[in-house]
Each structure stands twice: as structure tokens, then as C-alpha cells.
Amino acid sequence: MTKAAVYTRTGDKGTTGLYTGERVPKQSLRVEAYGTIDEITSALGLARATVKRKDVRETIFKVQQLLMSLMADVASLNLPEPYIKEEHVKLFEETIDRFDGMLQPLKHFLISGDAQGAAALDIARTTTRRAERCLLRLNEKEPVNPQVLICLNRLSDLCFILARVETEVK
């Protein structure tokens, strides 16, 4: 059995294939947007590898799994039905509420770096904000599933809350 090469050469001239098969320039807003979502997944991987709390680690893993569908949604054109739906937004909101219930009200600004896992979550949060801005630029030119935009907005909130839980709740 011959192992397939990792390289395909199909992108050598500056295009890439979307999940639905269309070829687009690698510098397109759509590719930038789903590439930034991929960065979120990596930042969350670092967070998952470094957080101390099991419940936070398990939540991060579930988010990483969901981000695969979210990225596929963004990396697709003319889907018959979007991958990301209102139920995913509700899942984020329920998770935020559950972890936020463990915390005291915030009385000051936070500076990242008190715990390694929390700092990685802060990188994921800021990367999520960048992805949201990328998608908003894309949405000015091409339609974007509105649930994707809402999910990213909630994800940045979740990263903030998880970082606080990792640092403050013993």
C-alpha cells in the first residue's frame, strides 16, 4: 500500500479548495476568516493542554469539536443547510451561564498571565475577536450564516469566563 503525499500541488498557483469544492484565491476574505477560526482551535488546544481544571479542559474539547463544523460552514458556499444553528448559540450561552455562576462579580480589569491555561484562553479570546472581525468584513461582500457570527461572539465571552474560572475557582 502506497502512502499518499501530504502535498497536492493544487494550491501552488495561489488558490485553495473550499469544503464544497469551489476554488478561491488564498487571500480571499472567506479563507482569511476560516483560517482565523483554525487559529482559535489551535489556541484552544494550547489552553486545553495547560489548564488545570478537568471541567474547563472538557469544555474546551467540546468547543474545539464544534469549531470544526463552524469552520466547515464558513469554508462552504451554497450549503443546502448550515452546520451552525441557533441551538449551538444556546449551548454556548448555557455553558457561559454555568461557569459564570461559579464566579464572584468582577470589580476590576484583568491582566492576563496569572495562570498558563488562563493566558492561553485569553489568546483564544482575542483570536476569536479577530475572527469575528474577519467574518463581519466577509459578510459585507458575501452572506455569512448569522449563527456563526453569534457563536463567535459567545465564544469570546466563554473564553473570558473559562480563564477566570481557571484562575479564580479552586
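Colleague: Which residues in α1 meet which residues in α5?

Modeller: This is a predicted model, so treat every value as computed from it. On the α1 side the residues are Ile37, Ile40, Leu44 and Thr50. Their partners in α5 are Leu152, Leu155, Cys159 and Glu166. By class, this contact holds six nonpolar residues, one polar and one charged.

Colleague: How do I describe the geometry of such a pair?

Modeller: Two packed helices are described by the angle between their axes and the distance between the axes. Here the axes of α1 and α5 cross at roughly 15 degrees and come within 13 Å. Angles under 35 degrees count as roughly parallel, so α1 is roughly parallel to α5. The crossing of α1 past α5 is left-handed.

Colleague: What are the angle and the axis distance for α2 and α5?

Modeller: Helix α2 covers residues 54–74 and helix α5 covers residues 146–168. They pack at an angle of about 160 degrees, and their axes are 12 Å apart. An angle over 145 degrees counts as roughly antiparallel, so α2 takes that label against α5. α2 also passes α5 in a left-handed crossing.

Colleague: Which residues make up the contact of α2 with α5?

Modeller: From α2 come Val56, Thr59, Ile60, Val63, Leu67, Leu70, Asp73 and Val74. From α5 come Val148, Cys151, Leu152, Leu155, Leu158, Leu162, Val165 and Glu166. Sorted by class, the contact of α2 with α5 has 13 nonpolar residues, one polar and two charged.

Colleague: How many residues are in the largest nonpolar core, and which have the most contacts inside it?

Modeller: That core has 47 residues. Those with the most contacts inside it are Ile37, Leu44, Leu70, Leu121, Leu135 and Leu155. At least two core residues come from each of α1 (29–50), α2, α3 (86–100), α4 (116–141) and α5. α5 gives the largest share of this core, eleven residues.

Colleague: Take Leu121. What does Leu121 touch, not counting residues up to four places away in sequence?

Modeller: Leu121 touches Leu44, Ala47, Val51, Val56, Ile60, Cys159, Leu162 and Ala163.

Colleague: Val56 is on that list. Is Val56 buried or exposed?

Modeller: Buried means under 20% relative accessible area. Val56 has 0%, so Val56 is buried. Val56 sits in helix α2. Beyond its neighbours within four places in sequence, Val56 is in contact with Val51, Phe99, Leu121, Leu162, Val165 and Glu166.

Colleague: Now a loop. Where is Asn78 found?

Modeller: Asn78 is in the loop between α2 and α3. Its phi is near 55 degrees, a positive value in a residue other than glycine. Exposed means over 50% relative accessible area, so Asn78 counts as exposed at 74%.

Colleague: Step back. How many helices and strands are in the protein chain?

Modeller: The protein chain has five helices and two strands. Along the sequence the pattern reads β-β-α-α-α-α-α. The C-alpha trace spans about 50 × 40 × 30 Å along its principal axes. Of the 170 residues of the chain, 42% count as buried.

Note on methods:
Residues numbered from 1 in each chain as written. Predicted model: local features only at pLDDT ≥ 70, side-chain atom pairs only at ≥ 80, totals over all residues. Heavy atoms only, no water. Axes fitted to C-alpha atoms, helices over the stretch in contact; angles between N-to-C directions. Helix = DSSP H or I, 4+ residues; strand = E, 2+ residues; numbered from the N terminus. Parallel < 35°, antiparallel > 145°, perpendicular 65-115°, else oblique. Left-handed = near helix turned anticlockwise from the far one by under 90°. Contact = heavy atoms within 4.5 Å. Nonpolar A, V, L, I, M, F, W, Y, C, P; charged D, E, K, R; others polar. Core = buried A, V, L, I, M, F, W, Y, C linked by side-chain atoms within 4.5 Å. Buried < 20%, exposed > 50% of the residue type's maximum accessible area, 1.4 Å probe, protein only.
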